[in-house]
Amino acid sequence: MVCRIFIAFIVLVAVLVGVLALALPREDLIRLIMFRDFFDVSLPILGFGALVKYLCSCKDRCCCGDTHCNTPPKA
C-alpha cells in the first residue's frame, strides 16, 4: 500500500513539474533548472549503487560460500 502511495506521489510530482515548465515564465524557470541539476548529479550515483547492490546480492545459487545465501528467504 505504501508503495502505491509513493508511486502516485512521484507521478503527481512529475506531472506538476512538467506543467510548471510549460506555464512559468523564463525568469521563474531557474528553480526548475536547479531541481534538474540535482537529479543530473544524484541519479547516476544512485544507479551505480543499485547496480552494485544487484550484482552483490544473493541469488538462488550463491557461489560466494556464505551460509546466509543458502537459507530460504523469509515470507
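**View 1. The aromatic pair formed by Phe38 and Phe39.** A search of the whole structure, which is a predicted model, finds 1 aromatic pair. The partners are Phe38 and Phe39, whose rings are arranged edge-to-face, with 5.0 Å from centre to centre and 80° between the planes. Phe38 is exposed, because its relative accessible area of 52% falls in the range over 50% that counts as exposed. Phe39, by contrast, is partly exposed, with a relative accessible area of 31%.

**View 2. Helix α2 and its bend at Ser42.** Helix α2 covers residues 30-56, 27 residues in total, and spans 40 Å from its first C-alpha to its last, which is close to the 39 Å expected at 1.5 Å a residue. At Ser42 the helix bends by about 30°, and a proline, Pro44, follows within four residues.

**View 3. A nonpolar surface patch that includes Ile10.** Phe6, Ile7, Phe9, Ile10, Val11, Val15 and Val19 together make a nonpolar surface patch of about 670 Å². One of these residues, Ile10, has its place in helix α1, which comprises residues 2-23.

**View 4. The protein as a whole, as context for the close-ups.** The secondary structure of the protein comes to 2 helices and 0 strands, and buried residues make up 5% of its 75 residues. The accessible surface of the protein amounts to about 7,300 Å², of which 72% belongs to carbon and sulfur atoms.

Conventions:
Residues numbered from 1 in each chain as written. Predicted model: local features only at pLDDT ≥ 70, side-chain atom pairs only at ≥ 80, totals over all residues. Heavy atoms only, no water. Buried < 20%, exposed > 50% of the residue type's maximum accessible area, 1.4 Å probe, protein only. Areas by Shrake-Rupley, 256 points an atom, 1.4 Å probe, with all protein chains shown as cover. Patch = residues over 30% accessible without salt bridge, like charges linked within 9 Å, V, L, I, M, F, W, Y side chains within 5 Å. Salt bridge = Lys/Arg side-chain N within 4 Å of Asp/Glu carboxyl O. Phe/Tyr/Trp six-rings, centres within 6.5 Å; stacked < 30°, edge-to-face > 60°. Expected span 1.5 Å × (residues − 1). Bend = angle between axes of the 7 residues up to and from the residue.
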